Every structure is written in C-alpha cells, then in structure tokens.
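Biologist: Could you show me how to read a few features of a model, giving the general idea before each case?

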Amino acid sequence: MSTPAATYDLGKLYGGLRLPAEKTVSTSLEIQRIPVPDQLVLPLAQHAGEPAHPVVGIGEYVLKGQLLAEPYGSLSAPVHASSSGKVVAIESWPVSRRFGENAPCIVIECDGDDTPVAPSKDMAPYNSLPPNALLKRILQGGIVGLGGAVFPTGQKLMQATTMPLEYLILNGVECEPYISCDDMLMREQAAEVLGGAQILMHALALDACYVVVESDKPDAIMAIGEALAELGDERIVLKQVPTIYPSGGEDQLVQLVTNREVPSGGLPTDVGCVVQNVGTSAAIYRWICEGEPLISRVTTVTGPGVRSPMNVMARIGTTIADVVSFAGGYNEEAEQLIIGGPMCGKSVTTDRVPLVKATNCVLVLTEKPVYGNEQPCIRCGECALVCPIQLLPQQLYWYACADNESKLRTYGLTDCIECGCCDLVCPSHIPLTSDFRNAKARFQELADEKARAERARLRFESRNERIANEQQQRERELDEQKAAAKKAGPSAIDEILNRRKNKQQNKDDE
Ligand code: SF4
Ligand code: SF4
C-alpha cells in the first residue's frame with residue numbers, strides 16, 4: 001500500500017529508546033463498541049486540578065450527556081452522564097490515580113435505554129462564533145487532554161491565547177508499546193480528527209497545523225492523508241516522525257516538528273506551539289459539531305493475559321472488569337493489571353476501578369510486578385544516555401533518597417516527564433521513575449500546603465481590613481452626628497445618645 005507524501009524535516013530528539021511495539025495483536029479488529037453496562041462509576045476528578053462538584057443528588061434520574069458535576073476552581077472540568085439511569089450513590093470508590101487509591105465517584109444504575117438529553121439549541125456553526133465564545137463552549141464539554149495529561153482543554157487553550165502562537169500540533173504519536181487507540185482512531189475517524197483541528201485553529205486564530213504520525217502507522221497515515229485530500233484545507237500538513245519512545249511527549253514533539261526547544265519549566269506555548277492529542281481533537285469535534293460531551297473514548301485492551309486483545313469504544317465510567325470481560329476476559333496466565341502502558345501506566349490491584357477520560361490502555365500482563373530486586377547504583381551512566389530531557393537520573397536518585405528539595409530542583413526534577421527510560425536500562429533495577437514521581441508528589445504537597453497557608457493569610461488580612469474599615473466608618477458617622485447635634489442644640493444630643501443606647505440594648509438582648 002502506498003502512503004501519501006508527508007514531510008520528514010525533523011529536529012533533534014535526545015535520548016529515548018526503540019521499544020518493541022506489541023501493537024499488531026490489538027489492531028486486527030475494527031474498534032468495537034461496548035454496550036451500556038449495568039452500572040457506571042464516574043469519578044469527580046478525571047482531570048488535573050480540583051474535583052468537580054456534584055449538581056445531582058442520590059435517587060435522581062439522569063440522561064445521557066447530562067451535567068453531573070460542575071467544575072470547581074480555575075483548573076477543573078465538568079463531568080457528564082455517559083448513559084441514562086438513576087444516581088444510586090455518591091461515594092468513595094477505588095480508582096486508578098497516581099497518588100491515591102480511592103476517590104469520590106457518582107454511581108449510576110443504567111436503565112439500558114441510553115436516553116440522551118434534548119439537543120442543545122446553541123449549535124451555531126463553530127466558525128460563526130467568536131474565538132472566545134468557542135473556547136468557553138469547549139470548556140463546557142468536559143474535554144480534557146486524552147493523551148494522558150488530562151489538563152482541561154478549555155483552560156489550556158485559554159492560557160495559550162495569552163501567548164503569540166504559530167502552530168497547532170496534533171499529536172498522533174503513540175510511541176508507548178501495546179497502546180494503539182490513537183492509531184485506530186486515526187484510521188477510522190480521520191475526518192473528525194481534522195474537523196477538530198479546524199475548530200482549534202479557529203479558536204486560537206491560527207493558520208498552521210501539523211498532524212504528526214509515526215512512520216510505522218501506514219494505515220493511519222493513509223486515512224489522514226485521504227481525509228486531508230477530501231477536506232482541501234492547505235493549512236493542515238501531515239508530518240511523519242520515526243518511532244522512538246518517547247517522541248510523543250509534548251516537548252519532544254515540538255522539538256521534532258519545529259526544531260524549537262521548550263525551555264526548562266516552560267510550555268510549548270513559550271515557543272509558539274499548542275499541542276493537542278488526536279483523540280482530544282476528535283472529542284472537540286463531537287462536542288462542538290454534534291453536541292456530545294466527553295462521555296466515551298477509544299481504549300486499547302491488550303496484553304498476553306487478555307483472551308481477545310482489541311480496541312473498544314467504551315463509556316467513561318465503565319468498570320475495567322466490564323471492559324476486560326468484553327474482550328473475552330482474562331486467560332489463565334493473567335497476573336498483573338495495568339491502567340495505561342507498560343512504561344507510564346499504573347499497576348492496580350482491583351478491576352473495580354472505572355475507565356476514565358485518561359484511560360488509553362488496559363494492559364494485562366502474565367508476570368507479577370517485581371519488587372525488591374534493587375541493587376546499589378554502579379554509576380554506569382546508562383540512565384543519563386537515554387533521558388530525553390538530558391537530566392542526570394543517578395544524581396536525581398541520590399537527592400530523592402536524601403529528600404533534598406533544593407538539589408532536586410537544581411537538577412531539574414520538575415522537568416522529568418516520568419517516561420521510564422532510565423528505569424528500563426538501569427542494570428541495578430533501581431525504580432528511578434517511581435522515586436521521582438514520589439518526590440514530585442512531595443513537592444506538590446508542599447506547594448499545596450504553601451498555597452493553603454497563603455489563602456488563610458489573605459483571608460485573615462482581609463477580615464482585619466474589613467473590621468478596621470467598619471470601625472472607621474462608625475467613628476466617622478459618630479463624628480458627623482455629633483457635629484449635627486451640636487448645631488441643633490442640647491435636646492438633639494440627648495436624643496442621639498438615647499438612640500445609641502437603645503441600639504446597644506437591642507444588640508445585647510439578641
Ligand atoms: S543506570 Fe542505574 S546503576 Fe547506572 S548510573 Fe543510572 S542509576 Fe546508577
Ligand atoms: S523518567 Fe525522567 S529522569 Fe528518567 S529518563 Fe525519563 S525524563 Fe529522564
């Protein structure tokens with residue numbers, strides 16, 4: 001099969017690894033739709049930032065697409081019902097989060113009818129809306145970055161508009177082994193992906209977009225190429241990149257595609273780029289053009305421990321048990337369940353956890369997780385050679401063990417993308433990435449604590465200021481009354497004093 005012409009002029013990618021793909025087994029079937037399950041479990045925090053606040057109560061009947069929880073705080077996203085049914089609980093439930101095991105969830109008992117909310121009357125064509133209105137609308141769709149970061153897309157785009165921008169980059173680089181959901185999405189829904197790109201370009205007032213796909217995905221390249229030819233939008237260009245892990249990281253992709261280096265601690269917008277996952281782009285299209293908020297996604301169910309590996313279109317909130325069961329269930333050798341891929345995923349101990357907006361893969365392995373075979377560092381330097389950020393993982397490891405925050409910052413811990421390359425090559429089997437992840441979590445806790453203390457200080461100061469202002473106001477009023485009374489004569493002074501006395505008496509009685 002010939003593939004459409006695609007550009008190859010690329011910037012430099014540091015470090016990284018060529019890993020076995022392990023994807024063929026899950027891409028032999030078309031994307032399969034999982035039917036409405038009996039129960040949906042929808043975590044209130046499926047995004048970076050504060051959990052959303054429920055707007056429905058227990059016992060309430062909800063429709064597919066109905067708002068269940070509204071965003072809280074500046075970095076949050078709404079949650080919508082993935083099917084119709086009754087809210088039977090709002091309670092703590094096991095989830096697959098990086099730094100916690102349980103989180104508040106809305107549990108829906110589905111009625112199986114899948115009745116949708118009435119279509120919105122607010123369905124004006126996207127290009128008739130001013131960019132600001134379009135951004136606000138994207139915010140309401142509960143859309144978050146589906147590549148794994150789950151940053152609320154609306155906020156990310158709004159922040160981006162404060163910077164001078166040049167390129168939109170759609171990330172179709174799915175370099176982690178086993179995961180093939182973006183590949184399948186591009187093969188089957190290329191028009192939606194490109195439709196989303198046009199919406200994003202309008203919202204960001206951009207005239208240049210790269211759709212980036214790895215060269216080992218000829219079917220996806222073909223599908224995007226054909227959809228592009230049909231669309232005839234010359235602002236969108238398809239770009240192929242080689243398959244090297246982790247070329248799909250945002251900063252690595254910007255470097256590869258534009259040869260611009262995102263500064264340490266910075267964002268792609270610092271070098272004029274906005275990166276969105278291809279799945280996010282398709283989700284934006286479905287919300288803006290078809291009125292469907294983010295209530296389902298494509299997920300890869302795969303690994304040697306699953307009977308029929310495949311890609312599924314599943315409703316957000318479907319339990320992993322239901323997802324695996326749809327893929328034929330576990331085989332006799334299944335030993336370990338991972339949410340995500342083998343490099344960045346998280347091993348979980350129960351399949352009661354729900355599929356969430358971030359779930360790109362459900363991986364079942366036939367080996368148990370290995371703990372405790374760690375040996376001392378031999379200073380071989382292998383970890384530094386593969387680090388795509390050019391960090392010194394062995395140094396970071398020393399400082400993480402010593403909990404030395406200032407050195408960790410100096411050596412760039414916050415730039416670590418937790419790709420796992422250093423772990424994989426370490427001959428001493430040191431779990432470097434999880435040490436870095438834990439150290440970052442401690443940083444975050446400290447930052448949250450500082451932010452809480454700062455908020456408390458501001459509240460205290462503002463209360464004191466308010467009390468002082470009220471006191472001044474009272475004194476001013478008293479002075480004015482005294483001056484007026486002086487003018488009016490002695491009987492008026494008595495009257496004022498009596499009034500004040502009565503007022504104080506009433507207050508005391510209360
Ligand atoms: S790869 Fe492992 S043993 Fe080698 S320097 Fe890095 S941490 Fe030490
Ligand atoms: S996990 Fe962090 S330190 Fe290790 S290779 Fe990846 S970016 Fe570098």
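Biologist: Is Tyr411 buried, exposed or partly exposed?

Modeller: This is a predicted model, in which local features need pLDDT of at least 70, side-chain atom pairs count only at pLDDT 80 or more, and totals for chains, interfaces and linings use all residues. Residues are numbered from 1 along each chain as its sequence is written, chains are lettered from A and ligands numbered from 1 in the order in which they are written, and side-chain values use heavy atoms, with hydrogens and water left out. Buried means under 20% relative accessible area, exposed over 50%, and partly exposed in between (1.4 Å probe, protein chains only). Tyr411, at 28% relative accessibility, therefore counts as partly exposed, whereas Tyr399, at 18%, counts as buried.

Biologist: Which salt bridge does Arg260 form, and how far apart in sequence are the parts that the pair ties together?

Modeller: Side chains of opposite charge can pair when their charged atoms come close. A salt bridge is a side-chain nitrogen of Lys or Arg within 4 Å of a carboxyl oxygen of Asp or Glu. Here Arg260 meets Glu166 at 3.0 Å, N to O, and the pair ties together parts that are 94 residues apart in sequence. Both residues count as partly exposed, Arg260 at 24% and Glu166 at 39% relative accessibility.

Biologist: What about Glu214 and Lys217, are they buried or exposed?

Modeller: Glu214 counts as buried at 0% relative accessibility, as does Lys217 at 2%, and their salt bridge has its closest N and O atoms 2.4 Å apart.

Note on methods:
Helices (H or I, at least four residues) and strands (E, at least two) are DSSP runs, numbered from the N terminus.
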